Amino acid sequence: MKPVVTLLLACFFVLAGCQSLPDASPAAGQKSKSMPESTGAVSHSRVLLSAQHCLSEYLKEHGRVHYGPCLKIISVDGNTPKIRDDGFIELPTAEPATLSVSCVYRHADGSPIPATMETTDFQITRNTFTKPGQRWYLHAHRQARQIVGCEPTLSRSKNPTYETD
């Protein structure tokens with residue numbers, strides 16, 4: 001009889017303990033401390049834009065990766081952007097902004113070539129981001145190789161817009 005009572009008491013304490021745990025579901029609210037910032041929770045009126053992104057392309061004929069240019073957002077409307085734990089910055093939808101970006105090309109081993117660093121501005125209009133909650137990438141160019149200069153291109157994909165012929 002004692003083992004049955006002991007088992008029932010153990011089950012009772014386990015169930016009571018589980019009920020006192022904090023709720024970790026998204027229904028707990030946007031400000032819930034049980035969810036880290038990097039889980040991707042975004043305000044209903046914002047999009048996520050990668051703070052920095054590097055292009056690369058696999059070259060089948062050479063059996064290696066070609067490291068293309070990297071782009072980094074250095075300011076949003078003249079202010080240093082707040083970068084989330086997941087490497088993205090939040091921007092409001094349907095609101096114009098000016099992004100200052102730096103681009104740098106890379107050696108064959110992937111290290112940056114400082115002499116190629118260039119900065120430019122990228123304009124965001126009211127029509128650029130219309131759907132909140134989406135992730136975007138700002139590429140240094142449309143393709144990873146056989147290009148010159150810093151020509152930022154906005155994309156929903158991590159990959160270059162065009163593969164090099």
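Author: A residue is called buried when its relative accessible area is under 20%, exposed when this area is over 50%, and partly exposed in between (1.4 Å probe, protein chains only). The structure above is a predicted model, in which local features need pLDDT of at least 70 and side-chain atom pairs count only at pLDDT 80 or more, while totals for chains, interfaces and linings use all residues. Residues are numbered from 1 along each chain as its sequence is written, and side-chain values use heavy atoms, with hydrogens and water left out.

Reader: Why is Thr-153 called buried?

Author: The relative accessibility of Thr-153 is 17%. Buried requires a value under 20%, and therefore Thr-153 counts as buried. Thr-153 belongs to strand 8 (residues 153-155); helices (H or I, at least four residues) and strands (E, at least two) are DSSP runs, numbered from the N terminus.

Reader: What makes the approach of Thr-153 to the backbone oxygen of Glu-151 a polar contact?

Author: A polar contact is a pair of N or O atoms within 3.5 Å; within protein, one must be able to donate a hydrogen and the other to accept it, and residues adjacent in sequence count only if both atoms are side-chain atoms. The side chain of Thr-153 reaches that oxygen at 3.2 Å, which lies within the 3.5 Å limit.

Reader: How do you know whether Ser-102 is buried or exposed?

Author: Ser-102 has a relative accessibility of 12%, and a value under 20% means buried. Ser-102 is found in strand 5 (residues 97-104). Leaving aside residues up to four places away in sequence, its contacts (heavy atoms within 4.5 Å) include Cys-70, Ile-74 and Thr-119.

Reader: What makes Arg-46 and Glu-90 a salt bridge?

Author: In general, side chains of opposite charge can pair when their charged atoms come close. The term salt bridge requires a side-chain nitrogen of Lys or Arg within 4 Å of a carboxyl oxygen of Asp or Glu. For Arg-46 and Glu-90 the N to O distance is 3.9 Å, and therefore the pair meets the 4 Å limit. This pair links distant parts of the chain, with Arg-46 in strand 1 (residues 46-50) and Glu-90 in strand 4 (residues 88-92), 44 residues apart.

Reader: Why are Arg-46 and Glu-90 called partly exposed?

Author: Arg-46 has a relative accessible area of 28%, and Glu-90 has one of 30%. Both values fall between 20% and 50%, and so both residues are partly exposed.

Reader: How many salt bridges does the rule give?

Author: The count comes to 4. Among them are Asp-86 with Arg-84 at 2.8 Å and Glu-90 with Arg-84 at 3.2 Å. Arg-84 is buried at 6%, whereas Asp-86 is partly exposed at 23%. A network of salt bridges links Arg-46, Arg-84, Asp-86, Glu-90 and Arg-135.

Reader: Which residues touch the most other members of the largest nonpolar core?

Author: A nonpolar core is a set of buried Ala, Val, Leu, Ile, Met, Phe, Trp, Tyr and Cys residues joined through side-chain atoms within 4.5 Å. In the largest one, of 19 residues, they are Leu-49, Ile-73, Leu-91 and Leu-99. Strand 5 gives the most to this core, with 4 residues.

Reader: What is the phi of Asp-77?

Author: Most residues other than glycine have a negative phi. Asp-77, which is not a glycine, has a positive phi of about 50 degrees. Asp-77 lies in the loop between strand 3 and strand 4, and at 47% it counts as partly exposed.
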